[in-house]
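Subject: Structure for you, with notes on its helices

Hello,

Here is the structure for your files. My notes on what was found follow it.

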Amino acid sequence: MTSTQAAALALQDQAALWRSGEAGAADVVSSACDALVAGVDSPALRILAACTRAEADYDVHDLLPPALDELGLVLHPAGSRAAQEAGVRALATRTLAGELTPRELAFRIHQRFGHDLPLTERLAELDDEYDYLELGDGTPAQVDADVLAEARRITAAVRPPRAMT
């Protein structure tokens with residue numbers, strides 16, 4: 001994957017995290033700036049990247065969809081299952097990159113979705129396993145390994161955006 005493709009996917013992930021309430025609008029603007037620096041470019045992306053932190057909370061809602069559309073990136077409707085799953089995939093990607101611990105991933109997913117989202121059911125179960133470690137034979141390292149395996153499964157279906165292939 002080229003750095004341009006990676007930057008485009010990072011922007012799409014940041015948008016998914018924003019949609020799911022896991023990131024702020026200023027984070028989206030920062031990611032847009034990073035994408036421009038990496039060589040991803042479009043008129044709407046430049047406008048989005050030019051937002052100040054003070055403007056971000058007000059303007060990202062209107063500026064992000066056309067920027068992603070021009071780049072062939074996906075922004076799922078707020079509250080949809082697809083948007084939830086995209087946010088989960090972005091968190092799993094961050095975990096695999098070492099930005100979140102396996103325990104943090106399982107906890108955040110369980111807290112946000114409980115056992116109601118089929119994609120994350122195993123992560124919710126693993127969060128429960130962390131809670132019961134002292135009662136059983138397992139170790140934190142074993143549960144961490146299971147969470148990382150689940151994160152790899154969740155991210156396996158991610159493909160480069162259509163405009164970047």
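Helix α6 (residues 102-113) packs against helix α8 (residues 140-155) at an angle of about 65°, and their axes are 9 Å apart. The axes are lines fitted to C-alpha atoms over the stretch in contact, with angles from 0 to 180 degrees between N-to-C directions; helices are DSSP runs (H or I, at least four residues) numbered from the N terminus. The angle makes α6 roughly perpendicular to α8 (65 to 115 degrees counts as such). On the α6 side, Pro 102, Arg 103, Leu 105 and Ala 106 meet Asp 144, Val 147, Leu 148 and Ala 151 of α8, where contact means heavy atoms within 4.5 Å.

This is a predicted model, in which local features need pLDDT of at least 70 and side-chain atom pairs count only at pLDDT 80 or more, while totals for chains, interfaces and linings use all residues. Residues are numbered from 1 along each chain as its sequence is written, and side-chain values use heavy atoms, leaving out hydrogens and water.

Helix α1 (residues 3-19) has 17 residues, which at 1.5 Å a residue should span 24 Å, and its end C-alpha atoms are 24 Å apart, in agreement. Its buried residues (under 20% relative accessible area, 1.4 Å probe, protein chains only) include Leu 9, Leu 11, Leu 17 and Trp 18. Their cover includes α2 (25-38), α3 (43-49), α4 (53-71) and α5 (81-96). Just after α1, Gly 21 has a positive phi of about 80°.

In α2, the buried residues include Val 28, Val 29 and Ser 31. The buried residues of α2 pack against α1, α3 and α4. Gly 39 follows α2 with a positive phi near 105°.

Regards

Methods:
Helix = DSSP H or I, 4+ residues; strand = E, 2+ residues; numbered from the N terminus. Parallel < 35°, antiparallel > 145°, perpendicular 65-115°, else oblique. Expected span 1.5 Å × (residues − 1). Buried < 20%, exposed > 50% of the residue type's maximum accessible area, 1.4 Å probe, protein only.
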